[in-house]
Amino acid sequence: MKRKNSKLIILLIINIIMIALLGLINSTLSKWGIFLYLPGVFFFFSCICLDTTRGMIACVITGLFLDLLYNSYFGYFGFTLALFHIFGKEWLRSTINNKPWRPVLFQWGANTILGILWYLILLIENQRGMYWETTRFISDIVISSIIIIPISFWVTKFNEKIMNIIFSYDLAIENDL
């Protein structure tokens, strides 16, 4: 029990640091009119290393921090990341083929769905003070879709290494599905 809670806390710390870094990167790239939209990288590792309850908690808390970063409705990313956590957990249970690119494609798809859904919400509401032109949205989603592929590989490996260093175990052996 203590070990599972420790994994949750470590994963939350990693996610919060990565969200802060993403905010710094976005503030730097904004000079060139580029905005990286990458919430899809923050839910999948919780599917791998946490049970469903702790994974949902991690996704909700991470999502609330993403709500602050992306200036979205409070709870939008908390709810959607938790939903993708459920889908990801079920996908991991049902999949037999564990090729390294399949989770990345899952994250890419989730990221694209989250971006399109958020853009549609902005179009419907249009009173959030955040006008996002369609061409800018498309370019940001395309750039984010290209960037998410290497970042997804890196985030998974980084999280595995941190967990291995802290807990001295292999996540492939101890999988809390």
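Helix H3, with 19 residues, reaches 26 Å from its first C-alpha to its last, which is close to the 27 Å expected at 1.5 Å a residue, where the expected span of a helix is 1.5 Å times one less than its number of residues. Helices (H or I, at least four residues) and strands (E, at least two) are taken as DSSP runs and numbered from the N terminus. The structure is a predicted model, in which local features need pLDDT of at least 70 and side-chain atom pairs count only at pLDDT 80 or more, while totals for chains, interfaces and linings use all residues. Residues are numbered from 1 along each chain as its sequence is written, and side-chain values use heavy atoms, with hydrogens and water left out.

The secondary structure of the protein chain comes to six helices and zero strands, giving the pattern α-α-α-α-α-α when read along the sequence. Of the 177 residues in the protein chain, 45% are buried, where buried means under 20% relative accessible area, exposed over 50%, and partly exposed in between (1.4 Å probe, protein chains only). Contacts, defined as heavy atoms within 4.5 Å, were also sorted by sequence separation: among those between residues at least 6 apart in sequence, 74% join residues at least 24 apart.

Within H3, the buried residues are Arg54, Gly55, Ala58, Cys59, Thr62, Gly63, Leu66, Asp67 and Tyr70, and the buried residues of this helix pack against H1, H2 and H4. An α-helix has 3.6 residues a turn, so residues three or four places apart point the same way. H3 is followed by Asn71, whose phi is positive, near 55°, although Asn71 is not a glycine. Asn71 is found in the loop between H3 and H4 and is partly exposed, with a relative accessible area of 43%.

Phe77, found in helix H4 (residues 76-94), counts as buried because its relative accessibility is 0%. Phe77 and Gly63 are 14 residues apart in sequence, yet their C-alpha atoms are 4.3 Å apart in space. Not counting residues up to four places away in sequence, Phe77 touches Tyr37, Pro39, Cys59, Gly63, Leu66, Asp67, Tyr70, Ser72 and Ala82.

Leaving aside neighbours within four places in sequence, Ser46 is in contact with Leu11, Gly55, Ala58, Cys59, His85 and Lys89. Asn111, placed in helix H5 (residues 101-125), likewise counts as buried at 1% relative accessibility. A polar atom of the Asn111 side chain lies 2.9 Å from the backbone nitrogen of Gly40. Apart from residues up to four places away in sequence, Asn111 touches Tyr37, Leu38, Pro39, Gly40, Ser144 and Ile148, and the C-alpha atoms of Asn111 and Ile141, which are 30 residues apart in sequence, are 8.8 Å apart in space.

For helix H1, the 28 residues should span 40 Å at 1.5 Å a residue, and the end C-alpha atoms are 40 Å apart, which agrees. The buried residues of H1 are Lys7, Leu8, Ile10, Leu11, Leu12, Ile14, Asn15, Met18, Ile19, Leu22, Gly23 and Asn26, and what covers them includes helix H2 (44-49), helix H3 (52-70) and H6.

The second largest pocket has a volume of about 260 Å³. On a 1 Å grid over the protein atoms alone, a pocket is an open set of points where a 1.4 Å probe fits, with protein on both sides within 12 Å along at least five of seven lines, and lining residues have an atom within 4 Å of a point. Grid points are joined across faces, edges and corners, and a volume is the space filled by probe spheres set on the points. This pocket is lined by 14 residues, of which Met18, Leu21, Leu22, Ile25 and Trp154 lie nearest its centre. The elements that give two or more residues to the lining are helix H1 (2-29) and helix H6 (134-167), with H1 giving the most, six residues. The lining divides into 14 nonpolar, no polar and no charged residues, where Ala, Val, Leu, Ile, Met, Phe, Trp, Tyr, Cys and Pro count as nonpolar, Asp, Glu, Lys and Arg as charged, and the others, Gly among them, as polar.

Key
Polar contact = N/O pair within 3.5 Å; in protein donor to acceptor, adjacent residues only side chain to side chain.
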